[in-house]
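Trainee: Could you pick one part of this model and walk me through it slowly? I'd like to hear how the pieces sit against each other, with the cut-offs spelled out.

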Amino acid sequence: MSKPLVIVESPTKVRTLQKYIGDAYNVTATSGHIRDLPPREIGIDIENGFTPQYQTIKGKQNIIKSLKAAAENATDIYLAPDPDREGEAIAFHTAEVLKKKGRRFHRVLFHELTRNGIEEALQNPRELNSHRYDAQQARRILDRLVGYQISPLLWKKVQGGLSAGRVQSVAVRIICDRERQIQAFEPTEYWSITAELAKTPEAISFEAKLSRKNDDKLTISNEGQASSLLKGLEGTSYVVDKVVKKTTKRNPQPPFTTSKLQQEAIRKLRFSAQKTMIVAQQLYEGLDLGPGEPVGLITYMRTDSTRIAAEAANEAISHIQHTLGPDFAAKTPRSFQNRNKAQDAHEAIRPTSVAHTPEMVRRFLDKDQFALYELVWKRFVASQMTEARIHQVNVSIRAGDCSFTVSGSTVAFPGFMQLYTAAEDKSDKDEKKQTLPDLTEGDLLECRSLIPRQHFTQPPPRFSEASLVKELEENGIGRPSTYATILSTIRNKGYVEMVNRYFRPSELGFIVNDLLVASFPEVLDVEFTAKLENDLDRIESSEVASQKLLQDFYAPFSIKLETAKTEMQSIKGVGIPTDITCPECQKGKLHVKVGKNGPFIACSAYPDCHFSRNYERDEKGHIHLVEIESDVAEGQVCEKCQRPMVVKQGKFGTFLACSGYPECKNTTSIHAAAAPSGQGTGVACPEKNCNGELVERKSRRGKVFYGCKRYPDCTFALWDKPIPEKCPDCGHPFLVEKTTKKLGLHLKCPSGECGYTRAAEEEKE
């Protein structure tokens with residue numbers, strides 16, 4: 001009689017499972033999805049109840065053959081893909097492929113890959129969850145209905161190769177809306193007055209801020225008001241008016257959910273959301289803690305829940321008592337309230353065993369695995385520690401008819417802060433609090449100086465990866481398991497750029513966003529998208545039928561779609577008009593157009609006027625024409641039409657283009673006329689199958705750039721000096737040296753998908 005078969009999603013898990021159950025079960029993997037919707041067509045029978053038309057994924061035929069061979073005559077098959085919606089879909093599709101008379105299928109959910117977790121899951125199998133599968137299918141169908149029907153509109157109206165997405169387009173809108181808030185922002189001047197005070201002439205001074213006049217809250221709008229206040233304070237006495245002391249308690253944060261792990265790893269470890277999920281997957285699936293001992297170190301990493309098992313909390317409390325002492329351990333297991341009950345299928349992310357301390361496992365993990373594991377371990381253990389006690393003192397100081405205030409704080413008992421403090425626990429206010437002398441009401445203070453300072457209000461900040469993940473989560477856009485994909489997709493499509501680790505919309509992003517918002521306002525509405533996400537949760541909890549959700553969505557959407565086919569503005573060839581007069585013909589207006597190398601600006605009087613130029617926008621969104629660097633293009637003519645070649649800037653960098661565009665669309669590498677190679681940089685050429693080295697070279701006009709030593713066989717080149725240092729964020733084989741007014745000399749990752757930047761003098765991490 002053949003053994004029962006366990007089928008997991010990832011081949012990495014097979015080895016871990018075989019260690020624990022290899023004698024009693026056969027184990028194999030699907031290597032992800034085996035069936036999906038067709039890649040080049042919508043694959044949804046809209047007229048027949050939105051029926052999905054699945055097919056075997058290209059290249060998975062051999063996987064299916066091996067699954068059938070592994071099943072052989074097995075009567076019981078345990079389907080154990082990941083315990084989420086995608087895993088449920090894989091389980092359903094695998095059951096369909098292996099369906100056979102008399103064969104029984106069992107759904108197994110491995111929340112942690114430890115002996116106890118595996119054995120408990122196998123001893124308590126479940127039925128396949130049709131509601132969870134329906135929720136996954138409904139999401140895929142919604143995404144297809146939007147993406148596969150709006151994207152062709154963009155190809156027709158803007159440019160081929162563009163795409164829209166039900167969630168990604170909303171993320172781009174959030175970034176575009178924030179950028180327009182920044183562009184529209186007008187700074188407002190205000191002033192502050194700070195008094196440097198001391199209790200006695202020999203004492204250390206502290207600072208207090210002017211806050212009230214005649215007991216009314218004070219706003220200082222300009223230098224004149226500040227000067228008037230300073231004059232009124234001349235010769236006044238500074239007396240402690242009121243001292244308020246209190247002790248506050250600060251509780252630890254709950255263990256990580258997926259989104260909180262991503263946010264913390266971005267802030268503390270400088271990981272991207274995508275990198276965080278890749279490393280977390282490795283920790284979940286199992287790593288060797290010695291020869292032949294693969295162990296899953298953390299619980300399942302895709303979860304919205306802060307729930308934890310009582311035995312895990314008790315294990316943490318016991319560990320705290322033995323290592324830090326009973327004063328630091330919670331008296332009873334601390335639990336945390338979930339925000340979303342529909343997604344409570346899994347525990348929070350925690351170590352599978354507190355006994356696997358970071359120090360114990362460090363030598364078995366690489367740098368990234370250790371950093372993320374330590375974060376998970378400390379956050380979880382800290383959640384079962386006592387609260388911190390903070391002594392706070394708030395002091396009001398009277399000076400004539402004015403009042404100054406100052407606050408200070410000291411940690412009376414660190415509690416959980418002894419082990420871990422989350423990035424979100426810290427604030428600018430905390431960091432600016434001072435250690436104050438012992439002050440009593442009626443104390444006379446010495447004023448050593450009064451310091452007026454001019455300030456201006458600041459625009460809202462651009463989104464970092466961490467703050468964008470937080471924004472998506474708080475607005476209910478997408479799910480934590482999809483955030484990493486959303487962030488990488490909008491960058492890969494060229495809709496946003498990373499500027500010093502912050503998202504900024506590209507010109508293409510603005511163009512596409514504006515067209516979509518005008519034609520599909522509901523699809524790109526944050527609240528509408530959040531409601532859809534909530535409805536998908538309700539399908540999983542069997543509160544809503546998937547057919548009703550799809551029909552309710554598609555009925556109005558299809559009307560908007562038909563309208564957009566005729567009414568959506570077409571900018572292909574025409575572009576978007578600006579109010580800038582063409583500097584060449586002085587007649588036509590310049591239009592923003594989109595070409596194969598990205599947006600550019602051209603005269604509307606074409607073909608009478610051939611003026612075109614690259615452009616940039618300033619912080620206010622105003623267009624500035626980019627001057628052509630004619631030195632590199634000097635003497636270069638188009639090989640097709642013999643017109644002069646001009647230098648242009650595109651989304652892939654600088655290139656040479658024929659000045660006869662759009663009649664002639666010939667382009668070529670900017671370094672085609674480069675000089676012979678010079679001094680090496682120690683950086684290998686990144687071109688595939690090239691064994692060359694990057695060397696310093698000069699253009700005809702003496703401008704330094706860096707190109708492959710194997711030129712002309714290899715034409716790779718770049719302007720910035722390459723530095724032989726691997727990017728710590730994305731692993732790019734080298735960094736480049738740049739100098740800007742804002743940052744000075746600094747190092748930057750040249751990958752368009754990575755925003756890593758650091759000062760040139762910093763130690764590399």
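Mentor: Let's start with a helix pair: helix 8 goes past helix 14 in a left-handed crossing (the near helix is turned anticlockwise from the far one by less than a right angle; clockwise would be right-handed). Bear in mind that this is a predicted model, where local features need pLDDT of at least 70 and side-chain atom pairs count only at pLDDT 80 or more, while totals for chains, interfaces and linings use all residues. Residues are numbered from 1 along each chain as its sequence is written, and side-chain values use heavy atoms, with hydrogens and water left out.

Helix 8 covers residues 258–269 and helix 14 covers 465–474 (helices are DSSP runs of H or I, at least four residues, and strands are runs of E, at least two, numbered from the N terminus). They pack at about 165 degrees, with axes 8 Å apart (axes are lines fitted to C-alpha atoms over the stretch in contact, and angles run from 0 to 180 degrees between N-to-C directions). The two helices are therefore roughly antiparallel (over 145 degrees; under 35 is roughly parallel, 65 to 115 roughly perpendicular, the rest oblique).

Who touches whom? From helix 8 come Ser259, Lys260, Gln262, Gln263, Ile266 and Arg267, and from helix 14 Glu465, Ala466, Val469, Lys470 and Glu473 (contact means heavy atoms within 4.5 Å). That contact splits into 3 nonpolar, 3 polar and 5 charged residues (Asp, Glu, Lys and Arg are charged; Ala, Val, Leu, Ile, Met, Phe, Trp, Tyr, Cys and Pro are nonpolar; the others, Gly among them, are polar).

Strand 12 (238–250) runs antiparallel to strand 15 (388–399), and 12 bridges hold the pairing (two strands pair if DSSP finds at least two bridges between them).

Strands 15 and 16 make a hairpin with 2 residues between them, and Gly400 in the turn has a positive phi of about 65 degrees.

Back on strand 12, there's a further antiparallel partner, strand 17 (444–456), joined by 2 bridges. Look there for Tyr238, which sits opposite Leu445.
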